[in-house]
Each structure stands twice: as structure tokens, then as C-alpha cells.
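User: Please walk me through this structure in short questions and answers.
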Amino acid sequence: MQEKMEQKSNTGDIIDFILLKRVMQFAVPYRFYFIVAAISAILLSFLGPIRPLLINYAIDNYIIIPNQEGLLKISIVLIFILILEGVFQFFYIYLSTWLGQHIIQDLRSKIFKHILSLKMKFFDNTPIGTLVTRSISDIETIADIFSQGLLVIIAELLKLIVVVLLMFYTDWRLTLIALLTVPLLLISTAWFKKNIKRAFQEVRTEISNLNTFVQEHIVGMHIVQIFNRENAEYKKFVDVNTRHRDANIRGIFYYAVFFPIVEVLSAMSIGFIVWYGGQGILQAKDNTVGELIAFILFIHMMFRPIRQLADRFNILQMGIVGSERVFKVLDTDEKIKDIGKVSFKNIKGSIVFKNVNLFYKKDECVLKNLNFNIESGKMLALVGSTGAGKTSIISVLNRFYEIDSGTISIDNININDISIKSLRKEIALVPQEVFLFSDTILNNITLYDDNISKQQVIEAAKEIGLNDFILSLPNGYDYILAERGAVLSLGQRQLIAFLRVYVRNPKILVLDEATASIDTENERLLQAALEKLSVNRTTIVIAHRLSTIVNAHKILYLENGSVIESGTHNELLKKKGAYFLMFNSQSASSKF
Ligand code: CTP
Ligand code: MG
């Protein structure tokens, strides 16, 4: 569906100059190079058409009337012009590509920086594939505007004008004869332009479909295999793959028809010229052999730009469509307002939630008028059924999402008045789903923070009993995790995340326990790590295994975004309510 929508925006026929102007703004820092490339292109469009003129002159004045010396001179001039053309061509090709690459490098950095600043809600609603396409292949089409689009169009158009003018200058009658095929040429060009554009769009859509399909199925491979869906998925893939092939072949079909048509028309024009001009020579009227040969060369020079222009306008248009998509991402302003001025110096870490309400979607209240507080250095536990809103509570505490009403304060300061950087520095999170980058264990722990040395990491690992485990991996701390850390178990990943947090020594610790049960060895390690980490820190633990939190200072039992029970472990057991039932069912199952 995504792709269909994109296709729709592609159908505008006129070039959007506002977008083009915006793209051109990215060339401003490189204007010197742009100007040199443009001048080279312009000079080239003049230099080329001079050659037939000189050849015309040479034939009529130095060959038909033999003149060795004159012929030599004019040959030297011709060679000189050719060398000049070569030099300008070099500057033109090299600089226009250089320019395109520099511009997209800047744009890519800009878009990535922008993506880094967007809020979680944006990512909830935007598919990863879309953002990857925007910052990789859509940007690529913008480079083509510079390396293959704009300058080529200017140069070829100029060349076309110069050639036609020179033709008229040489002989207007022959020129009109040569232009006889132009109406046919215009019709076939229009046909080609229309069809090739559609074909290009189809190819792009199919490439995107192919990408999405392969990416999704590799990520979800375990589902494919465990449900024995290999054959079915293979068949689906063959379909997508076939559509991609057919789209490409359709595109090539139009080229294969259009290019020979242009060849034939150009040959026809030459035929007309030879027939008409030849008669002129035979009847000793005003045509000369030199003119005839010059015209044959001119016709070649005239048809080439026409053929190119149809193709290049397309590339320019594609680039502009690409830029529209890229700018759309750059123009999204979905950021968390970071206007807080307070920066923590000596944070104590007491937290108060007052009348907090949160909506992810308009009519779905996820946190309902929530009130609770945690004193500095104490441990608060959150329990409750799945979807109750536990993760949401910590997401609003570190301002991944913004609450709709109420206040959250740390040390009596509203978190909106604290700079996000300072806030997140003090709150360390061990998330429910630990994300590990495809990098070494060490880099996954330090996250390239220069303030954290390897020695510190090793010390910390020893303290929370993780050093032996890491050393048991091949290469120890330098063990490179494959994508997403898939080679480690869930519990092991959480332990790495613990270490990430521990080396940063935050005042507030948040642990969102993984739902999946983990083996007793890892559970013991996690428990020990938590005990170690929670000393002198305000700690919030979201627990699925209640054994983790029997010592918590306060436990909140949540249901549908509201606290329905609160107290210590023993107090809650005495109440014989929801917590009591949950505890009993867990201790019953652990006996077997
Ligand atoms: N939700 C949402 N958008 C998000 C995150 C959550 O709409 N970005 C919704 C979920 O659909 C759910 C509710 O918010 O209905 C609470 O989600 P969450 O706080 O993540 O629930 P938890 O209590 O953490 O559930 P679990 O025990 O499964 O982790
Ligand atoms: Mg959760």
C-alpha cells in the first residue's frame, strides 16, 4: 500500500521548480565546482558543432581545390579542438559526479542526524523500511540530478540550439529538409517519455517489494521454519521476483523500440540530405560536397541530444520525486520539547507521579490518573498483567513519550524543566527487550563513551559476577556479536544491559524484566546483579517473577493503567487480593 501511494505522487508531469530550487540549495557550498562543471558543459556544446563547420571548409577549400598546407593547418586546429573537448569533458564528467556525491553525503548525514532527534511516537508509526529507503536509495536519485540530469539537459539543449543555428547558417534549404523528420521524432519521443516513466516507477516499486520481502523473511525466519512455511514462502518469493523481472524487461522494451526509431529517422534525414544536396551538386547549383558532409555530421549531432533529452528529463524528474520524499522526512518535526534548563548536580533521586494520564491513541487511556512516590534510594516494584501499562510508566519517566496531563517530578523538579540530556543521564534503563548492536561486547557496554575505560568495564563485570561469563566467550570482551546479539540468550543479553547501566553509575535504576522465563543460573546472576546495583539508588523494577521483588520497599499492582493494590510483599499477601493470587500461582508452578 505504501508503494502505491508513492507511485501516485510520481505522476505530476511538470518539473517542480520549488523542489528543484530547494535541492539546488545543497549545492551552494560547492558553487565553485558547480560553475566550473556548468562552464565546461556549455563550452562543450559549442566546441562539438564547430567541427563540422571546419570540415566543411577544409573539403571545399583545401581538398576539392588541393592545398596541402591549408589542409595541414586546419587539421591542427581540429586536433586542438578535440583535445580541448577532451579536457572539458573530463572536468564536466568528474566534477558533476563529484558534486552529486558530495551533496548526497551532506544530505544523508543531515537526514540521519534528524532521524536521531525524532521521538518514539514517530518510530511507532513509521516502518523501518521506509526510513531506510529514504536515507539510502531515494537520496541516490538526488545525486543523479547533478551527475546525469540537470547539467546534461542544459548542455544537450544548448548543443541542439547551436547545431540547428549553424545548420541554418550553412544552408537554410538543406536545414529544412533535414528537419522533415522532426514531427515523427517528437511523437515517438513523447510516447517514449510517457512509457519509460511508468516503467521506471514499476521497477522501483518492485525493487522495494523485493527488498521488503527478503528483509522481513530473514528476520522472521524462525517463524517460517517452525510452521513449515518454507514452500509457501518460496512460492510467494518467486512471484515477487517474477514481477521484478517483468517490470525490468518492460522498461528495456521501450528503449529497444525508441532507440532504433531515432536511428531510422536520423538515417532518413541523412538520406533526404544526400538526395537533395547531391542533386544540387550535380546540377552545379549552390550546394558543395563540404556542406553535404557537414550536414551528415550535423544530423548525427542533432539526433543524439534529442534521444538523450527524453531520457534525462526522466532522471531529473525521478530525482525531484526522490527529493520530495527525503524532504518529507527532514520536515517532520516530531520531537520531544527540550526546553528544560535544569541540569542535575547532586541528585537524590526521589520520584513523584501526580495525576498522570497518558494516551498513545486518542481514545485509549493507558495510564489513568496515576499517583505514587518513591523515596530516594528505595526500591519500587511494578507488577500486573500484560498490557497493564508497566513499561509505559518508565517510558514517560525518561520522556520517551509525553504525558497528556499531570506531573512527574524528580527531587521536586518537574521533569519537563530538566534538560533531556541531564534527565536521561541520571536514569539508567535495562529494557524489556535488550538491543545489542553488531559490534564487540565491550563496545556494546561502553557505547563508545570515552569516559568509560575497558578496565572499568572489567571491574564492574567482576563486581556483578559477569566477568567469567564474558571471558568464556571466544575473544572475551572483543567477541563480536552477530546482528541483534542473536547468539546470546535473553537472560545473557539482560546481563550485558546491566553492565551497560552499572558502568554509568546512575542515581535512578530502572529494570524492565524480560517476560520469558530464564534459566536458574542466569536468574541467580540477575538477582545478584540487581542487589548490587540497587544499593544507594532509587530503583524501579518491573517484575514478572515475584521472587525478584520480595524485598522491595513498595509494590504497586497495576491493572488497566491504574494501581489497584499497593504495599510491601507481606502487606499485599495479607490482603489476599490480586497480588496474593499471582504469588500463589507462581510459587505453585515453581514446585513442579
Ligand atoms: N501501547 C501503545 N503504544 C506503545 C506502547 C504501548 O499503544 N508505543 C499500548 C499497548 O497496546 C498496551 C498499553 O499501551 O495496551 C500498555 O503497554 P505497556 O505499558 O507496554 O504494557 P506492560 O504492562 O509493560 O505489558 P508487558 O507486561 O506485556 O510488558
Ligand atoms: Mg512491558
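This is a predicted model: local features need pLDDT of at least 70, side-chain atom pairs count only at pLDDT 80 or more; totals for chains, interfaces and linings use all residues.

User: How is α2 oriented relative to α11: roughly parallel or roughly perpendicular?
Analyst: Helices are DSSP runs of H or I, at least four residues, numbered from the N terminus. Helix α2 (residues 17-25) packs on helix α11 (residues 289-331) at about 75°, with the axes 10 Å apart. Angles of 65 to 115 degrees count as roughly perpendicular. So α2 against α11 is roughly perpendicular.

User: Which residues of α2 make the contact with α11?
Analyst: Contact means heavy atoms within 4.5 Å. On the α11 side are Leu 316, Ile 320, Ser 323, Glu 324, Phe 327 and Asp 331. On the α2 side are Leu 19, Leu 20, Arg 22 and Val 23.

User: Which helix supplies the largest share of the lining of the largest cavity?
Analyst: A cavity is a set of points on a 1 Å grid over the protein atoms alone where a 1.4 Å probe fits but cannot get out, and lining residues have an atom within 4 Å of a point. The largest cavity holds about 60 Å³ of space. Both α17 and α18 (520-534) give at least two lining residues. The largest share, four residues, comes from α18.

User: Is Tyr 477 buried or exposed?
Analyst: Tyr 477 sits in the loop between α16 (467-471) and α17 (490-502). Beyond its neighbours within four places in sequence, its contacts include Ile 441, Leu 442 and Val 457. Buried means under 20% relative accessible area, exposed over 50%, partly exposed in between, with a 1.4 Å probe and protein chains only. At 4%, Tyr 477 is therefore buried.

User: Which residues does Met 120 contact, leaving aside its neighbours within four places in sequence?
Analyst: Met 120 lies in helix α5 (residues 120-125). Met 120 is partly exposed, with a relative accessible area of 31%. Leaving aside those sequence neighbours, the contacts of Met 120 are Phe 400 and Tyr 401.

Conventions:
Residues are numbered from 1 along each chain as its sequence is written. Chains are lettered from A and ligands numbered from 1 in the order in which they are written. Side-chain values use heavy atoms; hydrogens and water are left out. Axes are lines fitted to C-alpha atoms, for helices over the stretch in contact, and angles run from 0 to 180 degrees between N-to-C directions. Angles under 35 degrees count as roughly parallel, over 145 as roughly antiparallel, 65 to 115 as roughly perpendicular and the rest as oblique. On a 1 Å grid over the protein atoms alone, a cavity is a set of points where a 1.4 Å probe fits but cannot get out, and a pocket is an open set with protein on both sides within 12 Å along at least five of seven lines; lining residues have an atom within 4 Å of a point. Grid points are joined across faces, edges and corners, and a volume is the space filled by probe spheres set on the points.
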